[in-house]
Amino acid sequence: MPQERPQQSDVQPKLRADARRNRDRLIEVAALAFAEQGAAASLEDIARRTGVGIGTLYRHFQTREHLVEVVYRRELELIATAARELMAEKEPDVALEEWMSRFVGYMAAKRGMASSLKLLFTSNSTLFADGSRILHTAFGELLDTAVEAGSIKGDIEAADVLNALFGIYSIPDGPDWRERANRIVRLVMDGLRAR
């Protein structure tokens, strides 16, 4: 039986410590650049802000889409990790609200990668299936914990709340984008709280 070829992002060659640091820093700076500048974020600027040459960026990420895929996966991992950490450290309703605020940052980065993500969607549908599963699992655990604690209404479906939060994506670009997104989070939380 033939083996499936791994996806490009699944193949991780062994890297020297300095090369690993450069790669990790490139991913971090790219996430910020996509969130701040959207589609206008240039790879040359990302390399410059990281303190490396464009050749170093291309050694790690052969195409813009490859970089976008890795950044997207990182953002998903961060949002899942945040859910676990917040549940361990905060009261359930506070953890839920803080996670939704961090979700705004995830949406900002995703908006900045939108055109590349559309290209990836046609070639790597598992990327989005994995992403959806990660988000639903993280949010579902947060919501269930808050419901069990009695701080959130018990008749709420996690998928419905996530659909409301995904509405953040459609807010028109502008200097008040984050402020408007945070207002939606507060509105959703007000609707979730048990009275």
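Biologist: Is Lys 90 buried, partly exposed or exposed?

Modeller: Some ground rules: this is a predicted model, where local features need pLDDT of at least 70, side-chain atom pairs count only at pLDDT 80 or more, and totals for chains, interfaces and linings use all residues. Residues are numbered from 1 along each chain as its sequence is written, and side-chain values use heavy atoms, leaving out hydrogens and water. Buried means under 20% relative accessible area, exposed over 50%, and partly exposed in between, with a 1.4 Å probe and protein chains only. Lys 90 has 34% relative accessibility, so the label is partly exposed.

Biologist: How many residues apart are Asp 24 and Arg 20 in helix α1?

Modeller: These two form a salt bridge, with the closest N and O atoms 3.6 Å apart. Asp 24 is partly exposed at 38%, and Arg 20 is partly exposed at 31%. Helices are DSSP runs (H or I, at least four residues; strands are E, at least two), numbered from the N terminus. In helix α1 (residues 17-37) the pair is separated by about one helical turn, because the spacing is 4 residues.

Biologist: Which residue forms a salt bridge with Arg 49?

Modeller: The closest N and O atoms are 3.2 Å apart in this pair. It links distant parts of the chain, helix α2 (residues 43-50) and helix α1, 13 residues apart.

Biologist: How many residues does the largest nonpolar core have?

Modeller: A nonpolar core is a set of buried Ala, Val, Leu, Ile, Met, Phe, Trp, Tyr and Cys residues joined through side-chain atoms within 4.5 Å. Those with the most contacts inside the largest one include Trp 99 and Leu 165. Helices α1, α2 and α9 (177-192) are among those that each supply at least two residues. The number of residues is 58.

Biologist: Which residues is Leu 165 in contact with, leaving aside neighbours within four places in sequence?

Modeller: Contact means heavy atoms within 4.5 Å. With those neighbours set aside, Leu 165 touches Met 100, Phe 103, Phe 139, Val 185 and Val 188.

Methods. A salt bridge is a side-chain nitrogen of Lys or Arg within 4 Å of a carboxyl oxygen of Asp or Glu.
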